[in-house]
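I went through this model element by element and noted what I looked up. The entries follow in the order I made them.

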Amino acid sequence: MIKRNLLVMGLAVLLSACGFQLRGTGSTELSIKELDLSARNAYGDTVTQLRQVLERSGVNVHSGAPYHLVLTNEQETQRSVSYAGGNRSAEYELTTTLNYSVQGLNDLELLSDKLEVRKIYMRDGSNVTGSDQEATRARQEMRRDLVNNMVVRLQMLTPAQLDELQRKADERAKAEAAALDAARRQQADTPQQSPLEIPGR
């Protein structure tokens, strides 16, 4: 028993030294201290839970922040994994995909990506109420996973990285504006060809 406990403690120390942390036990410290947050569904569960987690992690979530996280689209799909027929149990797979982008000054997009979580639950044809509750629990767990994964993505971003992305976005915007201006000037300087006049016979 003592050897087993020592082995578990040794593994825990080794894993923590490698940077591994159990979900829910590690720090959610973010180097980004200010962030605006919005979503297509402004009062949806995902954006509400994410805002709460960010605020608990010391992030000041407000509309005047220099960077803006936008949850652009969240979709859920369901498919049958196994089918037993009749009123017997069947497995269903739920998939939730969350597209997001980070915008900087002048609403320039700095980066965009997506997150995806999956979960399988059992649906019992003879116990519809219990199956609905199981599906609800699965969706709640998936939303927690989605929020946790989003926080992990944000932890990987630093203000220096965002500043560099902003610089590149500014350069792209300037280049696009210069190209558009040059095209307009060229169009303005090009003589407009008058319609051909066919002499009367």
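I looked up Asp107 and found it exposed, at a relative accessible area of 60%. For accessibility I used a 1.4 Å probe on protein chains only, with buried under 20% relative accessible area, exposed over 50% and partly exposed in between. The model is predicted, so local features need pLDDT of at least 70 and side-chain atom pairs count only at pLDDT 80 or more, whereas totals for chains, interfaces and linings use all residues. Residues are numbered from 1 along each chain as its sequence is written, and side-chain values use heavy atoms, with hydrogens and water left out.

Asp107 sits in the loop between β4 and β5. I took helices (H or I, at least four residues) and strands (E, at least two) as DSSP runs, numbered from the N terminus. The phi of Asp107 is positive, near 60 degrees, and the residue is not a glycine. Asn106 is in the loop between β4 and β5, and its phi is positive too, about 60 degrees. I noted Asn106 as exposed, at 68% relative accessibility. Most residues other than glycine have a negative phi.

**Helix α2**

I read α2 as residues 45-56, which makes 12 residues. From first C-alpha to last it reaches 16 Å, close to the 16 Å expected at 1.5 Å a residue; the expected span is 1.5 Å times one less than the number of residues. Thr46, Val47, Leu50, Val53 and Leu54 are the residues I listed as buried in α2. They cover an arc of only 125 degrees around the axis, so they lie on the same side of α2. The arc is taken from the directions from the helix axis to the C-beta atoms. Their cover includes β1 (34-39), β2 (60-61), β3 (68-82), β4 (89-103) and α3 (128-155). After α2 comes Gly58, with a positive phi near 90 degrees.

**Helix α3**

I found 28 residues in α3 and a reach of 41 Å from first C-alpha to last, close to the 40 Å expected at 1.5 Å a residue. Its buried residues include Met142, Leu146 and Met150. The buried residues of α3 pack against β1, α2, β3, β4 and β5.

**Val117 and Thr96**

I placed Val117 in strand β5 (residues 109-124) and found it buried, at a relative accessible area of 7%. Leaving out residues up to four places away in sequence, Val117 touches Leu94, Thr95, Thr96, Met142, Asp145, Leu146 and Asn149; contact means heavy atoms within 4.5 Å. Val117 and Asp145 are 28 residues apart in sequence, and their C-alpha atoms are 7.2 Å apart.

Thr96 is in strand β4 and is buried, at 7% relative accessibility. With the same exclusion of residues up to four places away in sequence, I listed contacts of Thr96 that include Glu74, Val117, Met142 and Leu146.

**The second largest pocket**

I noted about 180 Å³ of space in the second largest pocket. Its lining has 13 residues, of which Ala39, Asn41, Gly44, Thr46 and Glu74 lie nearest the centre. α2 and β3 are the elements that give two or more residues to this lining, and β3 has the largest share, four residues.

Conventions: On a 1 Å grid over the protein atoms alone, a cavity is a set of points where a 1.4 Å probe fits but cannot get out, and a pocket is an open set with protein on both sides within 12 Å along at least five of seven lines; lining residues have an atom within 4 Å of a point. Grid points are joined across faces, edges and corners, and a volume is the space filled by probe spheres set on the points.
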